[in-house]
Amino acid sequence: MELVLPDWGLVFWTSITFVFLLVLLRAFAWKPIMAAIGERERSIEDALLKAEAAKEEMSRLTNENESLIKQARAERDLILSEARKVKENIISEAKETAHKEGARMIELARVEINNQKAIALADVKNQVATLSLEIAEKILRKQFEDQAKQDELVGQLLKEVKL
């Protein structure tokens, strides 16, 4: 039994050594370990808070980006619709201008045709008059070659003229 029961001196010195070791550990190891653990705990809490703040900021930025994208799409659609309207206006104005210009050119062509026609008719009348005079001159020369025919014509004209 002596082997199982320790000596009181051994228990005493073991207890003093254990208490001394506990005091040393508390002074030099536990305080720094506990301080490091506390610091680590605070840094983890700060990191979690920062991560949560970053997550909220990311969510806010995502929502803001989506609203900006919607606004940009709305502006793009508005610009495209205005561009279509401008295109249609330009096309309709061009068609209207082309129709007016075409009508004006047709009217100018009609006037030119009528002028050319009048000039041609006047030229034809002049030629007909010239030809008629030449024919009449030739016929009269033929008729006036004979003196008896001349006397007969003068007599006939005198009968027609009444004073």
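**Surface patch and salt bridges**

Guide: Leu21, Leu25, Trp30, Ile33, Met34 and Ile37 form a nonpolar patch on the surface, with about 570 Å² of accessible area together. This is a predicted model, in which local features need pLDDT of at least 70 and side-chain atom pairs count only at pLDDT 80 or more, while totals for chains, interfaces and linings use all residues. Residues are numbered from 1 along each chain as its sequence is written, and side-chain values use heavy atoms, with hydrogens and water left out.

Visitor: Is Trp30 buried, partly exposed or exposed?
Guide: Trp30 has its place in helix H1, residues 8-144 (helices are DSSP runs of H or I with at least four residues, numbered from the N terminus). Buried means under 20% relative accessible area and exposed over 50%, with partly exposed in between, using a 1.4 Å probe and protein chains only. Because its relative accessible area is 42%, Trp30 is partly exposed.

Visitor: How many salt bridges does a search of the whole structure find?
Guide: The term applies when a side-chain nitrogen of Lys or Arg lies within 4 Å of a carboxyl oxygen of Asp or Glu. Among the pairs are Arg60 with Glu57 and Arg104 with Glu101. The search of the whole structure finds seven.

Visitor: What is the N to O distance in the salt bridge of Arg60 and Glu57?
Guide: Both Arg60 and Glu57 lie in helix H1, three residues apart, about one turn of the helix. Arg60 is partly exposed, with a relative accessible area of 41%, and Glu57 counts as partly exposed at 34% relative accessibility. Their side chains meet in a salt bridge with an N to O distance of 2.3 Å.

Visitor: Why are Arg104 and Glu101 separated by about one helical turn, and what is the N to O distance in their salt bridge?
Guide: Arg104 and Glu101 are separated by about one helical turn because they are three residues apart in helix H1. Arg104 counts as partly exposed at 43% relative accessibility, and Glu101 counts as partly exposed at 34%. The N to O distance in their salt bridge is 2.4 Å.

Visitor: With which residue does Glu107 form a salt bridge?
Guide: Glu107 counts as partly exposed, at 41% relative accessibility. The closest N and O atoms of the salt bridge are 3.5 Å apart, and the partner of Glu107 is Arg110.

Terms used
Patches are made of residues with over 30% relative accessible area and no salt bridge: like charges are joined within 9 Å, nonpolar side chains (Val, Leu, Ile, Met, Phe, Trp, Tyr) within 5 Å. Accessible areas come from the Shrake-Rupley method with a 1.4 Å probe; for residues, only the protein chains shown count as cover. Helices (H or I, at least four residues) and strands (E, at least two) are DSSP runs, numbered from the N terminus.
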